[in-house]
Amino acid sequence: MECGNKEMGAPNQTHEVIEITGFITRSEAIEPDSLYKNCYKLLNEEEKARANRFLHPKPRREFVQTRAALRGLLARWTGIPAPTIEFSLTAAGKPFVAMGGCHFNVSHSHGVSLIGICKNQALGVDLEEIRDLPSREGLARRWFHPQEVIALETSGWDPHTFFAIWTAKEAVVKALGTGLGFGMDEVWIDAKLPGKPLLCQLGKSPNGHFNWILQGNVLQGTHLACVAYQGPQLPIVWRELGNPLDCIK
Ligand SMILES: CC(C)(COP(=O)(O)OP(=O)(O)OC[C@H]1O[C@@H](n2cnc3c(N)ncnc32)[C@H](O)[C@@H]1OP(=O)(O)O)[C@@H](O)C(=O)NCCC(=O)NCCS
């Protein structure tokens with residue numbers, strides 16, 4: 001699937017859209033220290049403290065860059081200056097903008113981050129690097145719906161199919177905001193059509209998936225992404241930016 005609209009611009013205020021922005025956090029395009037410092041200074045004290053608690057530089061860098069990009073994008077959506085945006089957490093830990101104005105969700109995986117924003121619809125996004133994960137069979141047998149396991153067996157445990165199902169399941173769970181509280185085997189995804197995952201079951205009842213819309217995409221040629229939300233159907237604008245500072249302009 002093609003990523004559309006790589007330009008920045010004001011979000012469409014008259015027709016609701018879902019804007020999904022992917023960007024690289026392992027960028028070698030600019031000097032890493034200055035990138036880190038420019039992102040770090042946009043964070044509030046709590047976020048800086050969280051960044052400083054990371055033991056390893058890679059996840060610290062990923063968090064700082066992603067949070068700065070999130071602030072930049074949300075500033076454009078809400079009109080609130082990036083450094084003064086305040087976040088709250090739901091009981092299950094899903095962050096949201098305390099002053100309201102829009103919904104968002106974030107994912108990061110191996111040097112790439114993804115941020116989904118929408119004015120009125122709760123949404124979930126997930127991103128995974130497509131890789132030859134040796135534990136995928138065990139993970140699927142532990143966490144996936146029996147029908148998904150059958151589909152994976154049929155595919156010969158194809159990594160692309162595995163991550164298409166994984167990201168779709170995670171996107172649904174992240175839209176719900178329940179975290180690990182939701183049984184992953186109660187989310188059944190049919191990933192037969194590339195980029196068009198279908199939610200077949202949510203919860204114990206096969207009818208519990210009504211009105212959910214999922215869309216998948218390949219980002220940077222290396223990562224699989226998925227967005228999930230409850231209808232009505234909205235236009236989805238996918239954008240790929242070079243680095244987090246492109247989200248802040
Ligand atoms: C938080 C959770 C929802 C996603 O975590 P993850 O896939 O490891 O990480 P991602 O990079 O995709 O997402 C992390 C972001 O999700 C957001 N998030 C945190 N809690 C969330 C929740 N309950 N719901 C939605 N989003 C949440 C945060 O913005 C976080 O980024 P931040 O900490 O930098 O702000 C995860 O802990 C979880 O509960 N997953 C359940 C699914 C599972 O176990 N699947 C197994 C294989 S299918």
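Domain 1 and domain 2 touch each other: 9 residues of domain 1 are in contact with 8 residues of domain 2, where contact means C-beta atoms, placed from the backbone, within 7 Å. On the side of domain 1 that touches domain 2, E4 and strand E11 (236–241) are the elements that give two or more residues. The residues of that side divide into 3 nonpolar, 5 polar and 1 charged. Here Ala, Val, Leu, Ile, Met, Phe, Trp, Tyr, Cys and Pro count as nonpolar, Asp, Glu, Lys and Arg as charged, and the others, Gly among them, as polar.

The model is predicted; local features need pLDDT of at least 70, side-chain atom pairs count only at pLDDT 80 or more, and totals for chains, interfaces and linings use all residues. Residues are numbered from 1 along each chain as its sequence is written.

The protein chain is divided into domain 1 (18–121 + 234–247) and domain 2 (129–217), with bounds from an automatic or database domain assignment. Taken over C-alpha atoms, the centres of the two domains are 25 Å apart.

The ligand lies between the domains, because both give residues to the shell around it. That shell holds 22 residues, and the closest are Gly-93, Lys-94, Ser-107, Lys-174 and Gly-179; a residue is counted if its C-beta atom, placed from the backbone, lies within 6 Å of the molecule. By type, the shell residues divide into 9 nonpolar, 8 polar and 5 charged. H6 supplies the largest share, 5 residues. The table names the elements that each supply at least two residues. Helices (H or I, at least four residues) and strands (E, at least two) are DSSP runs, numbered from the N terminus.

| Element | Residues |
|---|---|
| Helix H3 | 57–78 |
| Strand E4 | 103–109 |
| Strand E6 | 123–129 |
| Helix H6 | 159–176 |

The 22 residues of H3 should span 32 Å at 1.5 Å a residue, and its end C-alpha atoms are 31 Å apart, which agrees. The expected span is 1.5 Å times one less than the number of residues. Just after H3, Gly-79 takes a positive phi of about 80 degrees.

E6 also belongs to an open sheet of 3 strands, in the order E6-E10-E9 with antiparallel pairing; two strands pair if DSSP finds at least two bridges between them. The edge strands are E6 and strand E9 (212–219), each pairing on one side only. E6 and strand E10 (residues 223–230) pair over 7 bridges. Gly-124 stands opposite Ala-228 in E10.

Key: Contact = placed C-beta atoms within 7 Å.
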